[in-house]
Structures are given as structure tokens and as C-alpha cells.
Amino acid sequence: MSDAAKLPLSGLTVLEFGHTVMGPTSGLVLADLGAEVIKIERAPHGDDTRRLKGFGAGFFTFLNRNKKSLAVNLKSEAGLELMFKLVAKSDVLIENFGPGTMDRLGLGYEKCSELNPGLIYCALKGFMPGPYEKRPALDEVVQMMGGLAYMTGPSGRPLRAGASVTDIMGGAFGVIGILAALNQRNQTGKGCLVNATLFESVAFLVGQHMAIAAITGEAPPPMPDRGRAWSVYDLFNTSDNDQVFIGVTSDRHWVRMCEVFGFDDWVNNETLATNQSRIEARDWFLPELTRRIGMMSKQEIMDKALKAHIPFAPVARPQDLFDDEHLNQSGGLVHTKTLDGKEARLPKIPLRMDGASMELRNDAPAVGQGGREFLVRAGLAEPEIEQLIRDGIVVVQGG
């Protein structure tokens with residue numbers, strides 16, 4: 001789906017006061033689904049994430065495709081008056097600033113709802129209203145305090161997940177709330193405040209472990225130290241100095257693995273016949289399995305596992321996904337450009353509708369790119385726009 005008019009959220013106008021990951025994630029999902037998302041940035045230089053290096057260098061390119069940009073001086077009276085006009089013409093507002101920031105800018109929920117009673121106002125924060133709500137929060141902070149880091153690293157070594165999972169999940173929950181609120185507005189004509197948060201997203205992620213504690217009365221161990229549910233659920237070294245994960249989660253898997261991998265002496269071995277018996281035999285069985293598999297190359301192991309129809313995976317790095325056979329042939333990557341003009345193939349949102357994925361309509365915008373068109377449609381005359389530009393209130397480029 002590359003024609004915005006045919007996308008499911010076509011006609012929806014979204015103001016995104018988003019920065020870093022959480023807010024831009026919500027805006028990205030809505031934009032990919034066809035909404036017109038106008039990213040409100042700080043005039044004159046735009047969002048600080050445009051200039052991040054190192055681990056943050058990819059934030060802006062990845063999370064801001066299919067959006068337009070409007071850079072505004074929100075601390076000026078003229079900039080605030082402009083935002084009032086734009087809020088009145090929009091369907092959704094997304095913000096993930098620190099607690100109280102939007103209120104201090106004069107754009108809190110109460111004011112915006114007064115300007116536009118049908119507005120869906122999505123506030124993405126660290127915490128829901130309560131004792132923690134005014135604390136600053138980061139993805140890593142809530143992973144630590146919410147138990148996710150504890151469950152990820154081995155005992156005594158809590159470890160954050162290797163991606164901004166909480167930011168992205170919180171942003172995705174924000175989208176769920178927005179879509180639910182839009183459906184409610186269709187019935188009532190009224191907008192509402194949607195809250196989605198980092199800490200509560202982590203709590204939801206570890207809910208399965210909380211349930212274990214509630215049911216068994218025992219504390220669940222970190223994932224690296226967990227007890228065994230499956231006899232083979234391990235990472236194996238290969239003869240060519242690589243690694244492959246193999247998971248044998250049924251006795252049928254086990255038989256097929258033995259037949260295809262040539263473990264003839266194990267096919268009818270009663271001490272290895274069931275998952276539980278293999279777990280009980282792991283002290284001698286796993287070292288021997290590790291030795292046998294370690295004599296094979298990575299490709300040989302993967303070919304055999306594929307033939308045996310058992311779960312397996314190479315240990316990939318993010319950059320390996322550029323050349324992933326499935327992602328490329330299934331159309332899971334979108335061809336886009338970075339802010340400095342380099343070619344990049346990046347993941348689409350993991351969603352299809354009637355078999356169609358959501359395509360690129362425009363790359364992540366330059367500061368102010370597409371903003372003029374929105375200002376015109378919001379009712380501003382060209383002389384008024386030009387005056388705002390001359391006064392340094394806005395930065396816009398083209399349509």
C-alpha cells in the first residue's frame with residue numbers, strides 16, 4: 001500500500017510532539033497506516049535526535065518516515081497561537097515530553113480539549129498517575145525497576161534488553177489507545193485523553209512471571225538460570241566457529257532430529273525416549289549432543305534442522321538482516337534514505353492488511369519539510385505564513 005488515499009487511516013491528521021523513541025514510534029505506526037502525521041519540532045534546528053551519534057544515530061531515520069515536519073518556536077506567543085489553530089484542525093495529538101512540559105507550554109490536555117472537543121490526546125509518559133508519575137523515566141530505568149532486567153541477565157547481573165523494547169511497546173500501546181478512542185469518538189463525537197507508559201508496559205511484559213510467583217509461591221529465576229521445560233533448548237558451537245540455536249520441544253521433534261542428523265543409536269534409546277527422560281539425562285546427554293553437533297558446520301546444521309522440521313536459528317546481528325532471505329523476498333524491508341542521503345533498508349511495521357504491507361511514501365523529513373502545505377490547509381494565508389517565517393516563528397519547506 002503506497003497510495004495514502006487507500007490506506008486505512010487516510011484522512012486522519014496527527015500532531016506529533018515526539019522525541020527519541022516512544023512518541024515517534026506511535027507517530028510512525030499511524031503514518032505508515034496512512035495518517036497525515038506532522039512532526040512538531042523545535043525551531044530553527046529541529047529535533048535533537050536528528051544529530052545523535054553512536055547508539056542513537058538511527059533513531060530519526062527509522063522512526064520518522066512517512067511524516068511531515070513543522071518547526072515552531074513554541075515559547076513565543078505567535079508560535080503558541082499558531083499551535084492553537086493547528087490543534088483545532090487535528091484529530092490526534094501525541095506527546096512524550098517530560099511530566100508537566102506540555103502544560104508549561106500552554107498545550108496541556110485541558111487547553112487542547114477546550115480548543116477541539118473531538119481531539120484524541122495521547123500522553124506517553126514514564127508512569128501512570130500515582131506516586132511515581134513525576135519521576136523522569138528512561139527505557140533502561142523502567143526495565144530495571146520493573147523486573148525485566150532481572151529476568152534478562154543471569155543471577156546478580158541484571159541486563160537491559162538489547163533494543164528499546166519498552167519505548168517501542170509503550171508507543172504501540174499508545175496507538176492501540178488512539179484507535180480505540182477514535183472508534184469511541186465515532187459513537188460519541190467526543191475525544192479523550194489516552195495515557196500509555198513505560199513502567200506499566202514493563203509490568204505487562206513480566207506479567208507471565210508475576211503469575212508464576214502467584215501460582216507457585218516461588219520466585220521465578222532469571223531466564224538464563226531458569227529450570228528446564230525442554231530437553232534441548234540450547235545454543236551450540238559449530239565446527240566453523242559460529243553458533244546455532246536448536247529447540248526440541250516434542251518427542252516427534254526428537255525422533256526426526258535423530259533420523260536426519262544421523263543419531264541412529266539414540267532413535268530407540270529408551271533413556272532418551274521422552275522429553276522428561278532427556279531432561280533427567282542432560283548431565284551426560286547434553287555434552288555428547290554438543291560434541292556431535294560441534295563437528296558440523298553452521299550451514300550443515302541449519303540444513304539438517306530444516307529437513308528435520310525442528311526449530312533452529314543462527315545467531316544473527318542486526319546488520320545481518322539487510323541480507324536476510326526471508327525479509328527481502330517477503331517485502332519486510334522498506335528502501336529509504338538516511339538524513340545524509342545514504343540508502344537504507346529498514347523494517348516495515350510488522351502488519352499486513354489483505355496481504356498488503358505498508359510502503360514508503362516519503363523518507364524522514366528535513367526540518368520543516370511538508371509543513372507549508374499543512375499550514376495552508378489549516379487556514380493560514382501565504383502572507384501570514386511568510387511573516388511567521390521571517391519572524392523565526394516557523395521553519396517550513398515546500399509541500
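Residues are numbered from 1 along each chain as its sequence is written, and side-chain values use heavy atoms, with hydrogens and water left out. Because the model is predicted, local features need pLDDT of at least 70 and side-chain atom pairs count only at pLDDT 80 or more, while totals for chains, interfaces and linings use all residues.

**The sheets**

Let us begin with the strands. Strands (E, at least two residues) and helices (H or I, at least four residues) are DSSP runs, numbered from the N terminus, and two strands pair if DSSP finds at least two bridges between them. Seven strands make up an open sheet with mixed pairing, in the order β6-β5-β4-β1-β2-β3-β12. Its edge strands, β6 (192-197) and β12 (394-395), each pair on one side only. Within this sheet, β1 (residues 13-17) and β4 (residues 92-95) run parallel and are joined by four bridges; L15 has L93 in β4 as its bridge partner.

An open sheet of three strands, β7-β8-β9, is antiparallel. Here β7 (232-237) and β9 (312-314) stand at the edges with a single partner strand each, so one side of each is left without a neighbour in the sheet. On average, neighbouring strands of this sheet are turned by 15 degrees against each other, direction ignored. Three bridges hold β8 (residues 243-248) to β9, and V244 stands opposite P314 in β9. Helix α14 (residues 282-293) packs on this sheet, touching β7 and β8, and its direction makes about 40 degrees with that of β7.

**Helix packing**

Axes are lines fitted to C-alpha atoms, for helices over the stretch in contact, and angles run from 0 to 180 degrees between N-to-C directions. Angles under 35 degrees count as roughly parallel, over 145 as roughly antiparallel, 65 to 115 as roughly perpendicular and the rest as oblique.

| Helix pair | Axes come within | Crossing angle |
|---|---|---|
| α9 (residues 198-205) and α10 (residues 207-216) | 4 Å | roughly 55 degrees |
| α8 (residues 165-188) and α9 | 9 Å | roughly 100 degrees |

The α9 and α10 pair is therefore oblique, and α8 and α9 are therefore roughly perpendicular to each other. Contact means heavy atoms within 4.5 Å. On that basis, A203, F204 and L205 in α9 meet G207, Q208 and M210 in α10. From α8, T166, D167, M169, G170 and F173 meet L198, S201, V202, F204 and L205 in α9.

**Backbone details**

The peptide bond from A43 to P44 is cis, with omega near 5 degrees, and P44 is found in the loop between β2 (36-42) and α2. T20, in the loop between β1 and α1 (22-32), has a positive phi of about 60 degrees although it is not a glycine.

**The pocket and its hairpin**

A pocket is an open set of points on a 1 Å grid over the protein atoms alone, where a 1.4 Å probe fits, with protein on both sides within 12 Å along at least five of seven lines; lining residues have an atom within 4 Å of a point. The largest pocket has a volume of about 1100 Å³, a volume being the space filled by probe spheres set on the points. Of its 36 lining residues, F62, P318, L321, L346 and P347 lie nearest its centre. The elements giving two or more residues to this lining are α2 (59-63), α16 (325-329) and β11 (343-347).

Strand β11 also runs antiparallel to β10 (residues 333-337), with five bridges between them. V334 stands opposite L346 in β11. These two strands, β10 and β11, form a hairpin with five residues between them, and G341 in the turn has a positive phi of about 90 degrees.
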